[in-house]
Amino acid sequence: MTSFNRETLPDAVRTNGATPNPWWSNAVVYQIYPRSFQDTNGDGFGDLKGITSRLDYLADLGVDVLWLSPVYKSPQDDNGYDISDYQDIDPLFGTLDDMDELLAEAHKRGLKIVMDLVVNHTSDEHAWFEASKDKNDPHADWYWWRPARPGREPGTPGAEPNQWGSYFGGSAWEYSPERGEYYLHQFSKKQPDLNWENPAVRRAVYDMMNWWLDRGVDGFRMDVITLISKRTDAAGRLPGEAGSEIEDLPVGEEGYSNPNPFCADGPRQDEFLAEMRREVFDGRDGFLTVGEAPGITAARNEHITDPANGELDMLFLFEHVDFDCEGVKWKPLPLDLPRLKSIMAGYQTAVANVGWASLFTGNHDQPRVVSRWGDDSNETDRVLSAKAWGLVLHMHRGTPYVYQGEELGMTNAHFTSLDQYRDLESLNAYRQRVEEAKVQSPESMMAGIAARGRDNSRTPMQWDGSAYAGFTAPDAPVEPWIAVNPNHAEINAAGEFDDPDSVYSFYKQLIALRHSDPVVSAGDWELIDAADPHVYAFTRTLAAAPGVTGGRLLVVANLSGRTVDLPSDASALVAAGVTEPQIAIATYGASHAVVSLANRELDPWEAVVVRL
Ligand code: TEU
Ligand code: CA
């Protein structure tokens, strides 16, 4: 394992002279989707013991933190993002004892464990929601309950309180005959939104969070935490409700209006996050908080991650993974690199002096980056483009997140029929867009799901080339919950672990570089050659400080499948010539990089980091 000890890093690396950032400014986080990571009891689903069995692999990769997607009790309607008991483990994944064992074994290896906190909503099978159906119960006001529109028959189309649509299809309102009212669910109808206006809700959430931290958990990734504060009028009415002073947005092509502008970054966002910080994290040390922040701008990221505001350590912003489509993810567009560079520059400059950035291209909701923006059509280009995108991401200023399998160059699933998919988002979208609203053809929708569907990143982790990729119990292989990608014969950890030229080995070098070179973790970021359509180029600069040798890095990456000219700003920086020792890392290796730079060109997917 990379002998990286957070406590020995020079102080200036933490502070970079501008913002006192603790250990996570030099750390790398690895996201595990437990359901698809490693099955040890032969039921075809990944489990906690499976994660524990793979800790040496993760420690050797060199990551510092493991973020687990939810493993709490859940009906699994949205693969665990619909929680029915926050303080117990779903039998699918194991027991609380298994969780305690995982925590202990991870901490022995210097690995921190961050849990996925899903508190914008619960499952409709949570005891809180069951109780909430009784208007006289203390939990009656724990969710967003509203009567049918006046003059409309409850439970009939058009009787919903407003016209909001759910991210997972249909109305964002579901009628409960037991209560005689509708409840709000921005996601599936089995995921009712909690009412954060109610202090009892917030108290219950904070108590649960403290319970986990006291148990040894090292922090939380907070699911859609920027949707918890909803805009209402003075009387508490939501936009578009009968009598509301706030007008709803017009209905879109699928027959519903968009709730996001009224639910993202709402009026009490900062207040709730600051209260959570005080009630849960103040007085604790060594933790990490990262908020999933759809609808948050780069400017607001600075405010929320400014330590002086006591809210969150970092956020996941989404503009860079939402822009490459025609307004809806199911109509993908080819990469416009200058546009991506401009978005990333906005992220980086917003937190150049205060605040912090997370860095990701992949997670359990996104397609595989090598298929989306690289080239997975052949082994050579797949390996090179996976390395190039890994280098570009990890050389930015911020905390990188590696999604399980990304370090292997795992690709999209390339499913061809609807019955291979499992994700309710894709299946509901197909029904709504193709069969109900008829706004997209079956062929176009199937292509959209194949390109951008969330199942692309949820196929089982590819450990080896055996049946089911070594994901299920070797002595009793069963059909996993979702098909293994057939290319696991060529793409798997066993085949890459000892190969110095593998994507795995390259990611290991990238992670080691972040741990060893303060310019990588703390250096100022500056985009150059911004308009170049194929090359992503930027510099990193860290002033020398007591105990820290500063330095300057040039990062250039040809993110295309053909040889291109080195753009002018980058050429000027290497005009004096470059020697092999100056090459910190390169997708074709140092000697190839020296020749390419001397020739003022970059080969397909050639990415290089030069110490200037
Ligand atoms: O994702 C919220 C979210 O923004 C995603 O639904 C994303 O917008 C969409 O999938 C992109 O097409 C979080 C979790 O990461 C996701 O897995 C859950 O389904 C969702 O919240 C509800 O908990
Ligand atoms: Ca299992």
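**Helix packing and loop residues in a predicted model**

In helix α20 (residues 590–598), the buried residues are Ala593, Val594, Ser596 and Leu597. Seen down the axis of α20, they fall within an arc of 165°, so they line one face of the helix. This is a predicted model, in which local features need pLDDT of at least 70, side-chain atom pairs count only at pLDDT 80 or more, and totals for chains, interfaces and linings use all residues. Residues are numbered from 1 along each chain as its sequence is written, and side-chain values use heavy atoms, with hydrogens and water left out.

Some terms first. Buried means under 20% relative accessible area, exposed over 50%, and partly exposed in between (1.4 Å probe, protein chains only). Helices (H or I, at least four residues) and strands (E, at least two) are DSSP runs, numbered from the N terminus. The arc is that of the directions from the helix axis to the C-beta atoms.

What do the buried residues of α20 pack against? They pack against β16 (551–558), β18 (583–586), β19 (601–602) and β20 (607–611), where contact means heavy atoms within 4.5 Å. After α20 comes Arg600, with a positive phi near 55°.

Helix α9 (residues 298–305) can be read in the same way. Its buried residues are Ala298, Asn301, Ile304 and Thr305. They cover an arc of only 110° around the axis, which puts them on the same side of α9. Their packing partners are α8 (269–281), β11 (314–316) and α11 (337–350).

Now the helix pairs. Two packed helices are described by the angle between their axes and the distance between the axes. Axes are lines fitted to C-alpha atoms, for helices over the stretch in contact, and angles run from 0 to 180 degrees between N-to-C directions. Angles under 35 degrees count as roughly parallel, over 145 as roughly antiparallel, 65 to 115 as roughly perpendicular and the rest as oblique. A crossing is left-handed if the near helix is turned anticlockwise from the far one by less than a right angle, and right-handed if clockwise.

Take α8 again, now with helix α6 (residues 199–214). The two axes come within 9 Å and cross at roughly 40°. That makes α6 oblique to α8. The crossing is right-handed. From α6, the contact uses Arg202, Arg203, Tyr206, Met209, Asn210 and Leu213; from α8, Phe272, Glu275, Met276, Glu279, Val280 and Phe281. By class, the residues of this contact divide into 7 nonpolar, 1 polar and 4 charged. Here Ala, Val, Leu, Ile, Met, Phe, Trp, Tyr, Cys and Pro count as nonpolar, Asp, Glu, Lys and Arg as charged, and the others, Gly among them, as polar.

Next come helix α13 (residues 379–394) and helix α17 (residues 503–516). Their axes come within 10 Å and cross at roughly 15°. α13 and α17 are therefore roughly parallel to each other. α13 passes α17 in a right-handed crossing. Val383, Ala386, Lys387, Gly390, Leu391 and His394 of α13 meet Val503, Phe506, Tyr507, Leu510, Ile511 and Arg514 of α17. The contact holds 8 nonpolar, 2 polar and 2 charged residues.

Helix α14 (residues 424–436) packs with α15 at an angle of about 160°, with the axes 10 Å apart. α14 and α15 are therefore roughly antiparallel. Their crossing is right-handed. Ser426, Ala429, Tyr430, Arg433 and Val434 of α14 make the contact with Pro442, Met445, Met446 and Ile449 of α15. The classes are 7 nonpolar, 1 polar and 1 charged.

Two loop residues deserve a look at their backbone. Tyr468 lies in the loop between α15 (442–452) and α16 (493–496). Its phi is positive, about 55°, although Tyr468 is not a glycine. At 24% relative accessibility, Tyr468 is partly exposed. Val224 sits in the loop between β9 (219–222) and α7 (260–263). Val224 is not a glycine either, yet has a positive phi of about 30°. Is Val224 buried or exposed? Val224 is buried, with a relative accessible area of 4%.

Ala570 is in helix α19 (residues 568–573) and is buried, at 0% relative accessible area. Not counting residues up to four places away in sequence, Ala570 touches Ile528, Asp529, Leu554 and Val556. Lys135 lies in the loop between α5 (127–132) and β6 (145–146). Lys135 is partly exposed, at 48% relative accessibility. With residues up to four places away in sequence left out, Lys135 touches Ala140, Arg179 and Glu181.

Note on methods:
Chains are lettered from A and ligands numbered from 1 in the order in which they are written.
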